[in-house]
Amino acid sequence: MPTVKESSAWAEDRQRRKLDFEWSLKPMTTLMRCVGIPLDFRDYRQLISDRCSWFVTGFALLLFFIDAECQFSLTATIIYDAIYPQSSNNSSRSATFKWNNSINSINYMVLILGSHAILLAVSQIDWPHLVQVLHRIEQTRFYNERHFKKFRIPSFVGLAASVTELISSVTVIWFAWVDSPFLYQLMVLGFLFLGLVLIAFYHVCILCWIAYLMMNALGQDIKACSGKDIKQCSSQLKLWKATYYLTGEFVHYINCCFGPFLFLLTTSYFVRMTNNSFYMFSILTYSHDKGHEAKVYTLIIFLIKDWISFVALTYIPSLVRKEAMNITRKLQNLKFEDNALKRQAELLRMEVSLSLPQITAAGFFDIDCKLIPTVSPTPRNHLLEYRHSAEQWLSTVNRALEHAANRQAILSWQIHTNRTSEAVKEFSNEEQSRFALNEHLCQLRKRWVMALLSQTQQKMMSRLCHGIRLNEEQTRVLVETSARLQAIYSEAVVNVAGLNYTGESEIKELMAKSQNYSVLLEAWTGWRNAVGPPSKELFSRMIEINNLGVQAAGFSDTSEIWKNELGIKNLEQVVDNLFATIQPLYIQLYAFVRGRLAAIDKTGTVHPDRPLPAHVLGNMWAQNWEPLLPRLMPNATLSGGEEATQVLRRRYSSFTQLVVVAQDFFLSLGFPPLPLNFWTRSQFVRPTDGTKPVCHGSATNFYSRDDVRLMMCGEINEDDFYTLHHEMGHLYYFLAYNHQPFLFRSGASSAFHEAIGDSIIYAAMTTQHRRRLGFLHSDNNVNQKDLEIVNLLRQALVKIPLLPYSLSLEKWRWAVMAGQIKPDQYNRAWWNMKLKYQGIVPPIPRSEKDFDPASKFHIISNTPYIRYFLSSILQVQIFQALCDASQQGPRFGKPLNQCDIYGSVEAGNRLREMLSLGSSRPWNVALKVLTHEQNPTIDARPLMDYYRPLHEWLLSENRRLNYTVDIHEDISVFNNIEDLAANF
Ligand SMILES: [Zn+2]
């Protein structure tokens, strides 16, 4: 950073520079105004569209060809005269002179008309930009007073050239004026006018010269950074980059304003020089009159002057490009020891070589096909301009998508809260138009060259063609099918022991509460009978249509697109490896649960050596075994689940109060309170007006400022209390990244989105925090070690069974999507997976008439599920990172499960920093922001660390009680669904 003294000197310096540049441009702007080119007539800009610019270019090219045609005729005449000297007489010679005069006249006419037209059109569009860039150059830190002194030289030369041109024009006119007829005098006045235009042209050349000097100054500054520290070098590279782009922008706008103009001018000079050379040649060959010598001398002077102008107009612009190429060489030769710096320099070199400045007239010396499009008045081939246009396009796209997503969220909310056929129809129409919009944008995206865009832009663009692409009919069928599936699920009524249970949440509660195995069996079977069979055909149709959609987008099947979304290479291998790390813990937990249940079971339902039946685990899907805790640890009821629910019911009378308590944890980390919209528009509890909402808890982003909502049929119990934490993780994620462009408003991956709330649950599950909430009495006599084990066991019962559950679910669905499992094998394959990973079997015989996967909401709603597996692992990693931030956990010599981050603003800041990235960076960068590790990957070790005390306890307990531990032997017994059925 500059000192105060330096910066005041810099400010003065900046003032001076401003004058310099204005001074450089003044003669040009004044003269252009004199010849009728109003450079700041902003009203004209509206009139001149892109099409008009193309027309002007076409016109200029046409004039060029007329010139060339004249040139050709003249040459032909002269060659004819040379071959047939007999026929050449005075009359043919005078014809040659006439030709010469007419060509020169046409040339001037072209110049005056064409240049005026082009200047008027082009400068109106881009002149203000050029002026803006000049002002920015005046303020840059890179160019100092020494550089600005150099930039003054071209201005002086330009002034000198202008004066010379003026004097020579006046002299010529003066001689021509004498004894000439009136009409001729008028024509001569026209030439004077042209002289003024030409003076203006010199200044175009001056601008190019200044651009060259700027590039040159930058090139000279690029030297090795050795001896300086890395930070300084890196900021030096950044300064070079900024300066290069600024200079490039300057050149770009010179080209936009004057490119076609330079082209016309150089062509005109070329015609004049050739024409006059032939004229001189013909005088020398055919004319022997003494008076002609003076004419020859005049022509020689004209030729020299034209030649100098021609070289100046073509060579100087070509220097700008050469100097930029020189910069790429210098960057390539830079030697850095640090790898990051090396990459930074290489990136800069690539960017420079991709965006070499191009000025039209330079084409005469530096022939390059790429220069041809620059004849267009608004060339798009400059990298900066290209990216700028891409930026503008993307922001329009983002706005359009945001609007569509907002509409979709509103209509979807309508269906979920109160499903009417009109709402479904409206939603279906909206989905169709949204698919059409996506398709349209995907088509438009193809006109952008990805390699030329910035990384961020590339990332956004790649998202545009992501996902399924359906035609209208397919979209309609898909929307209707999913709506019917969801209706079957949310409206299912199950009768158990004479009582009716509606929807998932009621029956789920029964499964968690009841310990009566026959009631559980009735509920388990009833739910599957109500949901499964009617869903099977609809489900396979949904999979089919989705596959058609993703195949149209170039993927083999939906599973491929789902796997891609997570951005993990070899995902199947990765999840298998992760599961292998966790499996020893699962096996011990499984063995303990089976052993305990078998020991207390009087009915013979649970066998100590056989796989666990699916209905006895306290959960409809056997994915969360927490309700079993009181039976597993009968002596530890004081810290049991029932206790917490009782505490909550005693303290809070409404569910909203529970939401406030859940929010409190986030507030303690420094997060802001949830917005007003959340409190007024969410659905917290089942409505009493008879409407049948989808009660599966979910958080929704409405992609509109501060509109995030929660959908739940919540009740005051421990389970829903922690579900609130989970959903709030989603809500705070939405709010943190809603400032991003729409295409980046999602989680670093869907697994991250699921993990945030649960990492907070880990934090809220510590004994310290449970005591804070009053779930544990501080004066109880329970041994601290026992308390720790009970607490860990409670969490493990929630978290660990979910791992094999989610893995088996998604592996089944991946195979279904890939066509490896056909509809007539759905149920058998499902149970084979369940047995292999979870070690559970159906309690009663199943057949292919049943469709047990449909008992799960995520199957019905076609929501990817492996994210929950990854999230289960990631959330402990995140929790560990937050622990680190609050200076607790293993790195500070404390066990991970005793880390209490409540109230740690440092942890909150680190989390917020990660959340606000949205999906603008890859997931591993987001993880790096959290963990501060160099190359973080998804890692199951923190999870194993967290449960280590429990794992050791389970090992010794299973050994002590002599429980069967290996579940694989059991599994090998059951090869197919008939075998399974035979066991019960
Ligand atoms: Zn979730």
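Predicted model: local features only at pLDDT ≥ 70, side-chain atom pairs only at ≥ 80, totals over all residues.
1. Two strands are said to pair if DSSP finds at least two bridges between them.

2. A second hairpin is made by β4 and β5, with six residues between them. Strand β4 (residues 698-701) and strand β5 (residues 708-711) run antiparallel and are joined by four bridges. Thr700 has Arg709 in β5 as its bridge partner. In the turn of this hairpin, Tyr703 has a positive phi of about 50°.

3. Which residues supply the protein donors of the zinc ion? They are His726 and His730, each through NE2, and Glu754 through OE, lying 2.1 to 2.2 Å from the ion. Along the sequence, the donor residues follow the spacing H-x3-H-x23-E. His726 belongs to helix α22 (residues 718-737) and Glu754 to helix α23 (residues 750-764), so that this pair, 28 residues apart, links distant parts of the chain. Both His726 and Glu754 are buried.

4. A search of the whole structure finds 23 salt bridges. One of them joins the side chains of Glu402 and Arg745, at 3.0 Å from N to O. Glu402 lies in helix α10 (residues 383-417), while Arg745 lies in the loop between α22 and α23. The two residues are 343 residues apart, and the pair links distant parts of the chain. Arg745 is buried, because its relative accessible area is 11% and the cut-off for buried is under 20%.

5. The side chains of Arg476 and Glu480 also meet in a salt bridge, at 3.2 Å from N to O. Both residues lie in helix α13 (residues 472-491), four residues apart, which is about one turn of the helix. Arg476 is partly exposed, with a relative accessible area of 30%. Glu480 is likewise partly exposed, with a value of 36%.

6. Glu537 and Arg541 meet in a salt bridge of 3.9 Å, N to O. How far apart along the helix are Glu537 and Arg541? Because they are four residues apart in helix α15 (residues 517-552), about one helical turn separates them. Glu537 is exposed, since its relative accessible area is 59% and exposed means over 50%. Arg541 is partly exposed, with a relative accessible area of 31%.

7. Lys563, Glu572, Asp576 and Lys811 are linked in a network of salt bridges.

8. The structure holds one disulfide. A disulfide is a covalent bond between the sulfur atoms of two cysteines. Here the partners are Cys883 and Cys899, with their sulfur atoms 1.8 Å apart. Cys883 lies in helix α29 and Cys899 in the loop between α29 and α30 (905-915), so the pair ties together parts that are 16 residues apart in sequence. Both Cys883 and Cys899 are buried. Another cysteine, Cys208, is buried as well, with a relative accessible area of 0%.

9. Where is Thr863 found? Thr863 is in the loop between α28 (857-860) and α29 (866-885). Thr863 counts as buried because its relative accessibility is 18%, and the cut-off is under 20%. Leaving aside neighbours within four places in sequence, Thr863 is in contact with Trp562, Arg813 and His858.

10. The unreviewed UniProt entry gives the annotation "transmembrane region" to residues 103-122, 156-177, 183-213, 250-271 and 296-320. In the model, the span 296-320 is 100% helix and 0% strand. The end C-alpha atoms of this span lie 36 Å apart.

Definitions and conventions: Residues numbered from 1 in each chain as written. Heavy atoms only, no water. UniProt positions renumbered as here; feature names shortened; annotations may be inferred. Buried < 20%, exposed > 50% of the residue type's maximum accessible area, 1.4 Å probe, protein only. Contact = heavy atoms within 4.5 Å. Donors = N, O, S within 2.8 Å, 3.2 Å for Na, K, Ca; no water. Salt bridge = Lys/Arg side-chain N within 4 Å of Asp/Glu carboxyl O. Disulfide = S-S within 2.5 Å.
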